[in-house]
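Colleague: I have this model open on my screen. Could you walk me through the surface and the charged pairs?

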Amino acid sequence: QRNFDIMNFPTFTGGGQNLVIKAEVGMVRNNFNLGWTDPWIFGLPYSFGFDVYRTYHDKDGEVGWAYNEGRTGGDLKLGKEITEHLRGDAIYRLENIKIDSVDDNASTALQNEIGSNYISSILFELTFDTRDNVFNPMRGVMLGGSFENAGGFLMGDKDFIKGTFMASWYHTFFE
């Protein structure tokens, strides 16, 4: 629901909040997610939200992965539109990853991951978006970059730094 309003009982619509309730149940994968984001928290031009999730991927003989993996976690998000086209977000994530049933012939690196590990990370993201329509863009660009730091002063079992960059260009060839 992209026009959710947590305070508007009984219809819960009209506030522009984003509510995600998702469940995927299958033989190999099970995913559950609950997320909520308010684009203007307490009437201020800052977005705030959270996600809580549980994903599980079951080892499936010769078809699936070489191990079972379960991820349980959540995040808190705070964002701000800096200009009309530029947005900044900060996300804190805490996640528990459990790996088991690893094949005996798996790599040593994978064997070392057996068990339960916590990842505590903070991610900073900038997005530049000039698309003419977010649902059906005909022209514009979308550029994004993020920097994630896990471990260190954030604790957790894993330490890493990860950077990503994304670019999309939209242009119509026919009207």
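Modeller: Accessible areas come from the Shrake-Rupley method with a 1.4 Å probe, and for residues only the protein chains shown count as cover. On that basis the chain exposes about 11,800 Å², of which carbon and sulfur atoms supply 60%. This is a predicted model, in which local features need pLDDT of at least 70, side-chain atom pairs count only at pLDDT 80 or more, and totals for chains, interfaces and linings use all residues. Residues are numbered from 1 along each chain as its sequence is written, and side-chain values use heavy atoms, with hydrogens and water left out.

Colleague: How many salt bridges does the search of the whole structure find?

Modeller: Ten salt bridges turn up, each being a side-chain nitrogen of Lys or Arg within 4 Å of a carboxyl oxygen of Asp or Glu. One of them joins Asp103 to Lys59, with the closest N and O atoms 2.4 Å apart. That pair links distant parts of the chain, 44 residues apart.

Colleague: Is Asp89 buried or exposed?

Modeller: Asp89 counts as buried, at 15% relative accessibility, where buried means under 20% relative accessible area, exposed over 50% and partly exposed in between (1.4 Å probe, protein chains only). Its side chain meets that of Arg87 in a salt bridge of 3.1 Å, N to O, and Arg87 is partly exposed at 24%.

Colleague: And which residues are linked in a network of salt bridges?

Modeller: Glu69, Arg71 and Glu95 are linked in that way.

Notes:
Helix = DSSP H or I, 4+ residues; strand = E, 2+ residues; numbered from the N terminus.
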